[in-house]
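This report is meant for a reader who is meeting the structure for the first time. Please keep the sequence and the model in view while reading.

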Amino acid sequence: MAKTVQFLGSRWGIISAGLFVGVFAPLLQHWGNPKNMGICVACMERDIAGALGLHRAAVVQYIRPEIIGFVLGALIAAILFREFKPRGGSSPIIRFFLGLFAMIGALVFLGCPWRALLRLAGGDWNAIVGLAGLAFGIWIGVLFLKSGYMLGRSTKTGSFSGLVFPIVMIVLLLFLLFAPQFGRTPEGTPTGPIFFSQKGPGSQHAPIVVSLIIALCVGFLAQRTRLCTMGAIRDVILIRNTHLLSGIIGIVIAAFIMNLILGQFKAGFSDQPIAHANHLWNFLGMVLAGLAFALAGGCPGRQLFLSGEGDGDAAIFATGMIVGAGFAHNFSMASSPAGPGAYGPASVIVGLIFCIVVGFTMREIIS
Amino acid sequence: MRRRDMSEKIDARGLSCPQPVIVADRKMKELGRGVFEVLVDTETAKENITRLAQQSGWKIETKQEGGDIRLLLEKT
């Protein structure tokens, strides 16, 4: 056990976790997930929001077992290694809205940082623009961090508080397996939610068991290795440390090789799957996402793994993302392959203003 | 490792990533050399500060105290 802990905490440990994600994300695509979307925390949470009826974009509704597996895998690792520590209370309302705006930014770009890496590994050069925006947003976040930005301390809470989010995931798994129909038409006929897309990306998915097992492994490994795409870039800027960066380099290299092997690599800017080529809003969407992740202390994947450890603040951020996905589609803010939504650019500007106000106003003196 | 200046203590419990690293980094730069303690409550904070210390040439000792971890940093 001690040797496992030591290995997973080492540089080779985090590289191994990155390689695992990089190998299995393209395989999930090969087995049925949408193109360049073997894993995408933002897109998959958006699909869950759709399945629950929080938005009615009929092509992106499915309860993605990957999200469930990430949280439960991290919970298992946290319990096994005695790191399950229920905690919360660090500016929850701010974290909720950081999650909400992070999701809006990610859906203007069309992907979370993990999907940006997977898009890059699949030859979608728009991802370079998105990753540049992500890095720029994180750089702004680092400036706030250096100048004293802080969301306040969390405090220990009761065990049940830390279990609420994992229990929600188990409920989602039951919804996925049994697909109950909660709605009623005026005539009284059962209808969704739960909604499952009949066409489009939401209808494309790998077998549930396969997705769930892979995601449990990712959740387990990522909890142990602290894999975080935002942290990877932040640590290079903030403390010149490349530990986390080696994990995401592992993702890109492994996914690139797997895409070549599976015939999924297609280089170019145009006609990329579930992507658009508007550079300005690809960039600014990810500036917003990167800044929100930096202010909240983790990428969307990391927030799920922390939720599995009992971190209620991370769970609130993740909930904010799911609610944000509902707004993003209901309010025409999410992009489509045709380009940014009608209110996408305006919502990114509102989100950036929110984050900048948070960055300037939230601070605490530590002595 | 001798504890020469017990007045230099930082309570980083309850701070989310990367705040514990930032406060430790700030103290390292402020002191240049010497001894200080950081109290944290997550393994992640311990690992991050340990990596920072090793990278910056500070020796580090860790001590589990119930649910908290005391990190003693020293540079001569």
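Trp281(A) touches Val108(A), Pro340(A), Gly344(A), Pro345(A) and Val348(A), leaving aside residues up to four places away in sequence; two residues are in contact if their C-beta atoms, placed from the backbone, lie within 7 Å. The place of Trp281(A) is in helix H12 (residues 279-296) of chain A, where helices (H or I, at least four residues) and strands (E, at least two) are DSSP runs, numbered from the N terminus. Trp281(A) counts as buried because it has 22 C-beta neighbours inside 10 Å; a residue is buried if 20 or more other C-beta atoms lie within 10 Å of its own, exposed if 12 or fewer, and partly exposed in between, with C-beta atoms placed from the backbone. The C-alpha atom of Trp281(A) is separated by 9.4 Å from that of Val129(A), although the two residues are 152 residues apart along the chain.

This is a predicted model, in which local features need pLDDT of at least 70 and side-chain atom pairs count only at pLDDT 80 or more, while totals for chains, interfaces and linings use all residues. Residues are numbered from 1 along each chain as its sequence is written, and chains are lettered from A and ligands numbered from 1 in the order in which they are written.

Helix H2 (residues 11-30) of chain A has 20 residues, which at 1.5 Å a residue should span 28 Å, and its end C-alpha atoms are 29 Å apart, in agreement; the expected span is 1.5 Å times one less than the number of residues. Since 14 of the 20 residues of H2(A) are buried, this helix is largely enclosed by the rest of the structure. Just after H2(A), Gly32(A) takes a positive phi of about 140°.

In chain B, strand S2 (residues 34-40) and strand S4 (residues 68-75) run antiparallel and are joined by 7 bridges, with Gly34(B) opposite Lys75(B); two strands pair if DSSP finds at least two bridges between them. Strand S3 (residues 59-65) of chain B also runs antiparallel to S4(B), joined to it by 7 bridges, and here Glu65(B) stands opposite Asp68(B). The hairpin of S3(B) and S4(B) has 2 residues between the strands, and Gly66(B) in it takes a positive phi near 65°.

Where do the two chains meet? There, 21 residues of chain A are in contact with 18 residues of chain B. Helix H10 (residues 229-239) of chain A gives the most to the side of chain A that touches chain B, with 4 residues.

Some backbone angles deserve a separate look. Most residues other than glycine have a negative phi, and most peptide bonds are trans.

| Peptide bond | Omega |
|---|---|
| Gly192(A) to Pro193(A), cis | near 0° |
| Cys17(B) to Pro18(B), cis | near 5° |

Pro193(A) lies in the loop between strand S4 (190-191) and helix H9 (208-225) of chain A, and Pro18(B) in the loop between strand S1 (9-11) and helix H1 (19-31) of chain B.

Arg82(A), a residue other than glycine, has a positive phi near 55° and is found in the loop between helix H4 (65-80) and strand S1 (87-88) of chain A. Arg82(A) counts as exposed because it has 9 C-beta neighbours inside 10 Å. Asp271(A) likewise has a positive phi, near 55°, and Asp271(A) is exposed, with 10 other C-beta atoms within 10 Å.
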